[in-house]
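Hello,

Here is the structure I promised to pass on to you. Please have a look at it first, and then read my notes below.

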Amino acid sequence: MSARFFTLPLAIALWLGGAGAAARSPLGTVAADLGGAKRPALLGPARSLGSPTDGSLEGGVELKAGPALKLRRSTGPRWGLPELVALVERAARQVSKRHPGSVLLVGDLSRKQGGELGRHQSHESGRDADVGFYFVDRQRQPVESDRFLQVRWDGRAVDAPELEFDDQRNWLLVQSFVTDPGTRVQHIFVAEPVRKRLLAHARRIGVYLPVLHRAAMVMKQPRRGLPHDDHFHVRIACPHGQHGPCRAEPRPLSKEPAAALGVRRRVGRDGLAQRR
Ligand SMILES: [Zn+2]
């Protein structure tokens, strides 16, 4: 973990001027804010094994719906590392604190023990979460949706042009992710027009430059796969102390045998490990 991880949140806490945030140390905040994502100490630490595209999860915690967030599928894959679950909860809470009544729509995380997820290329190791965008109607009033809405070039929802991508709350969400004091975000996959829109908004409102640069670095449109124009796909970095069994990035050319990493391969009905 780089020293930058510790210094940026502190600088940001001071910049944000939140009395509580500035008074707490980053580590103290982690302990306090893992609240909803707490696990009994006897179970030992949760572990992310392998990579997001070829991995598994041990001891993950379940993300639960709350006043500031709802789940897109109540029975869907909603487990992750405690750091991921806490990050999503904290970000949703921050937005709803500044904009009361805001509810973040959260899609898939990982299965309880990780492994392959039919609809995704990744989400295997408890470090990925899909979260929807916030929208407003023509009167600029917040609107809740039960599904991810694809955004057009002009910020309108493709299937509901009366709804518009809410720059203010979506930026606040991204800012919460990239300045989180307890969890380091590695990537936020999102379509390039959405990324540009958010960065333009951040510049307009005079966001603290290190935060702007960090958001610009973290947000990216994936080179392969879907463009992510209807949700953010948030991936957190391997937690401190888990480097080794937890692999930050998928290996593009060759994959290390999963067994060497202690990864449980999903076994198909025929008893054979399924290949990707
Ligand atoms: Zn995703």
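Helix α6 (residues 192-204) and helix α7 (residues 209-218) pack with their axes 11 Å apart and at an angle of about 180 degrees (axes are lines fitted to C-alpha atoms, for helices over the stretch in contact, and angles run from 0 to 180 degrees between N-to-C directions). That makes α6 roughly antiparallel to α7 (the word for angles over 145 degrees). Helices here are DSSP runs of H or I with at least four residues, strands are runs of E with at least two, and both are numbered from the N terminus.

Please note that this is a predicted model: local features need pLDDT of at least 70, side-chain atom pairs count only at pLDDT 80 or more, and totals for chains, interfaces and linings use all residues. Residues are numbered from 1 along each chain as its sequence is written.

Where the two helices meet, Leu199, Ala202 and Arg203 of α6 face Leu212, Ala215 and Ala216 of α7 (contact means C-beta atoms, placed from the backbone, within 7 Å).

Which residues of α6 are buried? They are Val194, Arg195, Arg197, Leu198 and Ala202 (buried means 20 or more other C-beta atoms within 10 Å of the residue's own, exposed 12 or fewer). Seen down the axis of α6, these buried residues fall within an arc of 165 degrees, so they line one face of the helix (the arc is that of the directions from the helix axis to the C-beta atoms). They pack against β10 (164-165), α5 (167-178), α7 and β12 (219-220). On the other side of α6, Lys196, Ala200, Arg203 and Arg204 are exposed.

Best wishes

Technical notes: Parallel < 35°, antiparallel > 145°, perpendicular 65-115°, else oblique.
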